[in-house]
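Here are my comments on the model you sent.

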Amino acid sequence: MAATAASSSCEAPSRSSSAYNDFVLTYKSECATKKNYDRTFQDVTASALVDKRNKLAVTTSTALAGAIASVKVNNKEFISSGGHGAAFQYAFHAWQRGKASTECYNPTQAGTRMDDVGQPPPYHGPSTSALYTMARSGSTIRTAGRPAMFVTLADTKPGWGDCRSADHQAKRVPFTMGLSPYWLQTSIELAPDHDAPKLENVFRAAATITSDDERHDHFDGVLVAYLQPDFTKVFAYSPATGRLSPKPVDSHTSKDPMVRCTDDGDYCLGMYVKPDVLGDKAYYYTMTRPPMDYNGHFGENTIQVTSPSGAMAKGDKVTYETYVVVGDKSRVADTMTQLHRAFR
């Protein structure tokens, strides 16, 4: 007897079904909330035509408080978007000298891990992060909001490394609301709006974070993309040779730009930061982790830029800028070369 189709496109298949992971990890705007506190926003998509025939589309999500939920080339989804701790977003850490960064002081653009608790798959209910602006003008999307703490004071479960939120967050507003004392503004620019308009397979991701907190000796920002499970191959781009070389898939830190690809090399996503912006401290990082309780048994294929910036005090601002490149393996390598020639 043939299996009965789900009664709704937003009704999850059985967890034992091969379609379950795809349902959870592939963002569907129609299955995601459009409410953020007392505000309503529609998801926003900007697109560009690449080579006059391929559509590159980037979607920011209200459910994820303005984080990127989807990057598509035609019908191929690049981003794994199963909940508020995944997708393509900014996250931050602040800590004092003699201590270490911790998930229990981790302002996170998309929201908190508690935002997924008790929610049905695909886990795109409301975010604790406060979203105030999300709008498109031309080929640019701009957002403004206040990131939540990934592990909130109300979250009694220990964070990564058995940290406790109460040991790292003061019992005062905004922490008691699950929010962080930081303001985040972002922009996503597709061609022709960014400063390499002839590179249609590129979009520029930029952000500014402003502190409303006490001084911390150390602060860092991360722009991290969680990619679909088939992005299994990892490469580093060499500016000297213009080529991509294979790297370990478990974890790899690099000063050279990094790229993740599907096994056949037909779809790749890379990150490029101008050398003068990358500086001495920032670096690229890729990680592959198997399914486990921590990641909801979905696994992780990530690529990110980590940018340490030293001390951060109330009123201080830090800016970030990353170029995201998509295409097949050879196209991404060629585009990286063009970006490097333009910006070095």
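Which strand gives the most to the lining of the second largest cavity? Strand E10 (residues 140–146) does, with 4 residues. Please keep in mind that this is a predicted model. My points follow.

1. Second largest cavity. About 60 Å³ of space lies here. The lining consists of Ala-65, Gln-109, Ser-129, Ala-130, Thr-143, Ala-144, Gly-145, Arg-146, Pro-147 and Leu-184. By type, the lining residues are 5 nonpolar, 4 polar and 1 charged.

2. Largest cavity. The structure holds 2 cavities of 30 Å³ or more, and the largest has a volume of about 80 Å³. Two or more lining residues come from each of E7, E12 and E13. The lining has 13 residues, and Ile-68, Tyr-90, Gln-109, Thr-186 and Ile-188 are the ones nearest the centre. Of the lining residues, 8 are nonpolar and 5 polar, with no charged residue.

3. Second largest pocket. Its volume is about 270 Å³. Of its 16 lining residues, Tyr-105, Asp-167, His-168, Glu-214 and His-216 lie nearest the centre. The lining divides into 6 nonpolar, 5 polar and 5 charged residues.

4. The bond from Val-173 to Pro-174 is cis, with omega near 5°. Pro-174 sits in the loop between strand E11 (148–149) and strand E12 (182–190). The bond from Ala-191 to Pro-192 is also cis, with omega near 10°. Pro-192 belongs to the loop between E12 and strand E13 (202–211). Please look at both places in the displayed structure.

5. Positive phi at Tyr-37. Tyr-37 is a residue other than glycine with a positive phi, near 55°. Its place is the loop between strand E1 (35–36) and strand E2 (39–40). Is Tyr-37 buried, partly exposed or exposed? Tyr-37 counts as partly exposed because its relative accessibility is 41%, which lies between the limits of 20% and 50%.

6. Positive phi at Ala-87. Ala-87 is not a glycine either, yet its phi is positive, at about 65°. Ala-87 is in the loop between strand E6 (76–77) and strand E7 (88–95). Its relative accessibility is 0%, so Ala-87 counts as buried; the limit for that label is under 20%.

Technical notes. Residues numbered from 1 in each chain as written. Predicted model: local features only at pLDDT ≥ 70, side-chain atom pairs only at ≥ 80, totals over all residues. Heavy atoms only, no water. 1 Å grid on protein atoms, 1.4 Å probe; cavity = no way out; pocket = protein on both sides within 12 Å on 5 of 7 lines; lining within 4 Å. Points joined across faces, edges and corners; volume = space filled by probe spheres on them. Nonpolar A, V, L, I, M, F, W, Y, C, P; charged D, E, K, R; others polar. Buried < 20%, exposed > 50% of the residue type's maximum accessible area, 1.4 Å probe, protein only.
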